[in-house]
Amino acid sequence: MALAQLYQAQFRTSLATMIQYRASLVIWLLGQVLEPLIYLIVWSNVSVAAGGSVGGYTTGDFAAYFIVLMVVNHLTYTWIMWEYEYRVREGTLSAALLRPVHPIHADVADNLSSKVVSTPGILLTALVLSLIFQPTLHLVPWTAVVFIPAVALAFVLRFLVEWSLAQAAFWTTRVTSLNQLFFVAMLFLSGQMAPLTLFPPAIQTVAALLPFRWMISFPVELLLGNLTPQQTITGFAAQAVWIVLSLVLLRIVWRAGVRVYSAVSG
Amino acid sequence: MTTLRLVWTFFRIGVMGEAQYRVNFAIQVFQSLLGLVTALAGLAVVFSYTDSLGGWGPNEVAALVGVYILVGGIIGVVIQPSMEEFIESVREGTLDFTLTKPEEAQLLVSIQDVDIWEGLNILLGLGVLGVALERLGENVGWAQAVAFGVMLLAGAAIVYAFWLILATLSFWFLRIENILVIFQSVYEAGRWPVTIYPGWLRFGLTLIVPVAFAVTVPAEALTGRLDWPTALAAIGLAALLLVVPRVVWRVGLRRYSGASA
């Protein structure tokens, strides 16, 4: 119950902050819209040049893929890897450590409340882009229903992984390289650059074994109706396994990290 | 003359400052190579399904990527670090120190921070450009080389003026650094020829955020697609944009109240 109260209070304060900084939010949104938009246009061009279809994706399919991807990417997005380095460097983490609860809860509440403010914006953008690019989306009831838990789990997984990676800031102040490596892996292996089925088979296998795909492209393909029920079950299983693994990772890294941090500040 | 001497001085300070942090060089090598591999792998995926994108062949787009990395390097070496420093100094009030110096303050803030390791991207960009042109078998004659040089200069001037105008806005809006995030995400669009984008977006990438002039136009000059109207527009815009920041700067400076206020 204490946790519920904590979240309530945290929601209230961070909602107020988010509304205060709505201009910054709009700018963040722009970045999240541009990347999928660029790839949407690149692949539309490729598809038109190839006579209307590439690797099973028509021009309209590409539009649907990247517009849904934009929404899923937004819903699962965190900025913790940028924020954490600042916290450790400036020492603002010390205050968070004094609180009697794990600091991750404040971050979860922050993230969710920012999305409460920004999601209407991204949905509106998706609508406008749909009018411009004419996606072909054939919704199947069962995939539309399981899409919701798939996105929720994708969010949990991405949050845990990025939060764990952010802890690298305890050991080095130069986390940018690590972040960049992570974002490149995301770009290719999570489906941000292109639907994974367009990649060579070897890369598809690697993508299936690593966590990235399950953070973004799995819910996207699910909603587009590209997955069989069998593949869907495999996907949920992969998400579950990776969530457990990243929880373990998070615990280990957090404990070790805090020890290093106190050594520095003490 | 004074300008060149000042630029040289700040460059030297930059070298001396960075030479203390040699690990940064290793990190820059890693990040630049990672960026290069990402760009080329992206091209490889796209061109495994087509041999022409918006009328550009694979090697031509590779040449464009070379220009993209090169211009990104120019931005990274001096424009971005100096402008970030400038925005910070307006907020913190440390701009006072710059303003009291007996040199043109706008010039000083434009060159105050040099990140020499970013220069690696300039070399890398030139390398990619060289390999791509070689594979194109394109004979780059004197005329094309000169056109490329002029367009690159015009593009760099346009980008510099654009950043300076945005940064100067910090006299009015204190939280401007997010705007710079916008530039970075929009600059990504320059990795592809602007001809692939639909009209409204091409317009934005040409006139609102001048990515087209910074990357596509110089690449057009090299691959022999540049026409006179575009070339003249680039030069004209560069000249115009170099005047605008002066005006914005003068007006903005009046609003600046310093650290003591």
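**View 1. Where helices α2 and α6 of chain B meet.** In this predicted model, B:Q28, B:V29, B:S32 and B:L36 of α2(B) meet B:L120, B:N121, B:L124 and B:V128 of α6(B), where contact means that the C-beta atoms of two residues, placed from the backbone, lie within 7 Å. By class, this contact of α2(B) with α6(B) has five nonpolar, three polar and no charged residues; Ala, Val, Leu, Ile, Met, Phe, Trp, Tyr, Cys and Pro count as nonpolar, Asp, Glu, Lys and Arg as charged, and the others, Gly among them, as polar. The axes of α2 (residues 22-47) and α6 (residues 119-136) of chain B come within 10 Å and cross at roughly 35 degrees, and the crossing is right-handed. Axes are lines fitted to C-alpha atoms, for helices over the stretch in contact, with angles from 0 to 180 degrees between N-to-C directions, and a right-handed crossing has the near helix turned clockwise from the far one by less than a right angle. Helices are DSSP runs (H or I, at least four residues), numbered from the N terminus.

**View 2. The corresponding labels, α2 and α6, in chain A.** Helix α2 (residues 22-49) and helix α6 (residues 104-133) of chain A have axes that come within 10 Å and cross at roughly 35 degrees, and α2(A) passes α6(A) in a right-handed crossing. Among the residues making this contact are A:L25, A:L29 and A:V33 of α2(A), together with A:V117, A:G121 and A:I122 of α6(A). Sorted by class, the contact has seven nonpolar, four polar and one charged residues.

**View 3. The side of chain B that touches chain A.** Here 26 residues of chain B are in contact with 26 residues of chain A. Both α2 and α8 (177-187) of chain B supply at least two residues each to this side, and the largest share, nine residues, comes from α2(B). By class, the side of chain B that touches chain A has 16 nonpolar, eight polar and two charged residues.

**View 4. A:A154 in the largest nonpolar core.** Of the 133 residues in this core, A:V68, A:A154 and B:I158 touch the most other members; a nonpolar core is a set of buried Ala, Val, Leu, Ile, Met, Phe, Trp, Tyr and Cys residues joined through C-beta atoms within 7 Å. Helix α3 (residues 58-92) of chain B gives the most to the core, with 19 residues. Not counting residues up to four places away in sequence, A:A154 touches A:V72, A:T76, A:W214, A:M215, A:I216, A:F218, A:P219 and A:Q239.

**View 5. Helix α11 of chain A and the residue after it.** Eight of the eight residues of α11(A) (residues 217-224) are buried, so this helix is largely enclosed by the rest of the structure. A residue is buried if 20 or more other C-beta atoms lie within 10 Å of its own, exposed if 12 or fewer, and partly exposed in between. After α11(A) comes A:G225, whose phi is positive, near 80 degrees.

**View 6. B:I165 in helix α7 of chain B.** B:I165 lies in α7(B) (residues 142-168) and counts as partly exposed, with 16 C-beta neighbours inside 10 Å. Leaving aside neighbours within four places in sequence, B:I165 is in contact with B:V244, B:P245 and B:V248.

**Notes to the views.** Residues are numbered from 1 along each chain as its sequence is written, and chains are lettered from A and ligands numbered from 1 in the order in which they are written. Because the model is predicted, local features need pLDDT of at least 70 and side-chain atom pairs count only at pLDDT 80 or more, while totals for chains, interfaces and linings use all residues.
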